[in-house]
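Notebook open, model loaded. I want to go from the overall fold down to single residues and write down what I find.

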Amino acid sequence: MRIANDQGPTTDGASSPKLIRGIGLASATALNMIDMIGVGPFITIPLIVGAMGGPQAMLGWIAGALLATCDGLVTAELSSAMPGSGGTYRFLREIYGPNRLGRLISFLFIWQLSFSAPLSIASGSIGLAGYASYFFPSLEYQYAAHQWSWRVPLLGKLQVEWMVSGATFLAIGMVVLAVVLLYRRITSIGWMSKLLLVGVIGTMAWIILSGFTHFQTSLAFSFPPGAFHLSHAFFLGLGSAMLVASYDYWGYYNICYLGDEVKDPAKTIPRAMLLSILLVACLYIAMNVSILGVLPWQEIAHSGQSNRGLYVISIFMQRLYGPWAAKLAAGLVMWAAFASVFSLLLGYSRVPYAAALDGNYFRVFARVHPQHRFPHVSLVALGCVAIPFCFLSLRDVIAALVVIRVLLQFLVQAIGSIVLRVQRPDLPRPFRMWLYPLPALLASAGFIFILFSRPNFQREIRYAVVILALGLAIFMIRAWRHREWPFGDAPVPAQEAPSP
């Protein structure tokens, strides 16, 4: 199925400039880590502590790390067997059949990415603007707020809440700045990722060291009565905490989208993924324990009840060293947030590019910059779509992002890894999933738990169902017009993928 035949002239793969394999293991790991860390752990601590109602919130971080490891093993095997730009798009297309069901499933992945990738980019920008409000409290002032709601047959009421504040315009500005910085050759981006990572790791190291040198056991382990009672409320809280923790850990697969620009991708990509998961999990757990040993968990949870005052790290540093440290911490967290936006835009911009080369998305996205040799149309388009999502609240952005991606990406990919083993056992796999098929089964179970174990989970699932239905309708209309599967067997014109 070829979309948008009227998109104008495009540069086909035979004559387009080739992408540059300029990313090694160190740069790949750095890109993953700045994508994973970003602003998430610095601004979502109150959300997780509030969900669990005490220091037992650490269970959410630990469970999130285990889930990320299981899914990381799934993705590592798939990326090793099918290295190349596109990541999950490429995996799903090949697993389920490139001209049959795989074409539909991979299209639906790209379709949901049109929503989830900009949501992810916007979340980093919103978090950055939130910490900027520590310097300029007037940024939190809301000029307007509104709620749209409408009823959809069979699904019930859908609603969207949006707001306008000074922080909104700052978030939009950060998206624009990231696009400008990424509009260049990939070889000049590697050093940027390492520089951004230095700031991110330095920030976390300062927090961890400060927390443990002022650590109070009575605060860190002041569990409320019944904290570990396995009640219905406990599992509801754990599900909400795991949803936020999953958002914080995601990004380990970012390097898969850059497969055509990675040196020795079959080995480099799995190593970078697993290494980044291990390092980030250690940093997250150490940082959160250190914070709980300084700030009472009740105070942390209270700040998570609204979208204001989520700059816990600044409060933490002010409590220890005074206003100067709080301001420095806010600036460093803003650095980490921008690093995440930078990495997300870089990785996700390569997915529509890969789909367009395959003839399964708008052909204009296959264009490569004639001089700097990167998919410039895809990069700019994703940045433009992320801007409207900056008007949403951080909590809503995270919930919608996680549910959409779990339903339309991670579950079908985890199941697909088992399908591929059964159908193509002889496919070369330089990296093979440890303890197969246990990681794929545990990842699927964990994602299903996140979907259905939270209060009011129906709202986000309705959004995902609407996106799925619209994508399915678009695919079927295009397939019917071009007499392609499932309405015929017309050959699917695809552009030649870039060679190594």
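Below are my entries, in the order I looked things up.

**Entry 1: overall.** I note first that this is a predicted model. I get 19 helices and two strands for the secondary structure. Of the 500 residues, 59% count as buried. I also checked contacts between residues at least 6 apart in sequence, and 82% of them join residues at least 24 apart. The exposed surface comes to about 19,000 Å², with carbon and sulfur atoms supplying 67% of it.

**Entry 2: the core.** Which residues have the most contacts inside the largest nonpolar core? I find F42, Y131, Y249, Y252, I291, I313 and L345, in a core of 168 residues. Helix α6 (residues 101–135) gives the largest share of this core, 18 residues. General reminder to myself: in soluble globular proteins, nonpolar side chains tend to be buried together.

I then picked L345 to see what it touches. Beyond its neighbours within four places in sequence, L345 contacts I121, V175, A178, V179, L182, L379, L382 and G383. What covers them?

**Entry 3: aromatics.** I count 21 aromatic pairs. Y252 and Y253 make one I wanted to classify: their ring centres are 5.1 Å apart and the planes stand at 85°, which is over the 60 degrees cut-off, so I call the pair edge-to-face. Both Y252 and Y253 are buried. Elsewhere I find F212, F215, F221, F223 and F228 together in one aromatic cluster.

**Entry 4: S80.** I looked up this serine in helix α4 (residues 58–81). Is S80 buried or exposed? At a relative accessible area of 2%, S80 is buried, since the cut-off is under 20%. Its side chain reaches the backbone nitrogen of F431 at 2.8 Å. Leaving aside neighbours within four places in sequence, S80 is in contact with A266, P270, R429, P430 and F431.

I started with the loop between α17 and α18 (438–452), where P437 lies. A cis peptide bond joins Y436 and P437, with omega about 0°. L435 is in that loop between α17 and α18 as well. Its phi is near 55°, a positive value in a residue other than glycine. L435 is exposed, with a relative accessible area of 67%. I also checked the ring of Y436: the charged end of R421 sits over it, 4.0 Å from the centre.

My next cis peptide bond joins W485 and P486, with omega about 10°. P486 lies in the segment after α19 (458–482).

Then D264, which has a positive phi of about 45° although it is not a glycine. I place D264 in the loop between α10 (232–249) and α11 (265–292). At 46% relative accessibility, D264 counts as partly exposed.

Definitions and conventions: Residues are numbered from 1 along each chain as its sequence is written. This is a predicted model: local features need pLDDT of at least 70, side-chain atom pairs count only at pLDDT 80 or more; totals for chains, interfaces and linings use all residues. Side-chain values use heavy atoms; hydrogens and water are left out. Rings of Phe, Tyr and Trp (its six-membered ring) pair if their centres lie within 6.5 Å; planes under 30 degrees apart count as stacked, over 60 as edge-to-face and the rest as tilted. Buried means under 20% relative accessible area, exposed over 50%, partly exposed in between (1.4 Å probe, protein chains only). A charge sits over a ring if NZ of Lys or CZ of Arg is within 6 Å of the ring centre and within 35 degrees of the ring normal. Helices (H or I, at least four residues) and strands (E, at least two) are DSSP runs, numbered from the N terminus. A polar contact is a pair of N or O atoms within 3.5 Å; within protein, one must be able to donate a hydrogen and the other to accept it, and residues adjacent in sequence count only if both atoms are side-chain atoms. Contact means heavy atoms within 4.5 Å. Accessible areas come from the Shrake-Rupley method with a 1.4 Å probe; for residues, only the protein chains shown count as cover. A nonpolar core is a set of buried Ala, Val, Leu, Ile, Met, Phe, Trp, Tyr and Cys residues joined through side-chain atoms within 4.5 Å.
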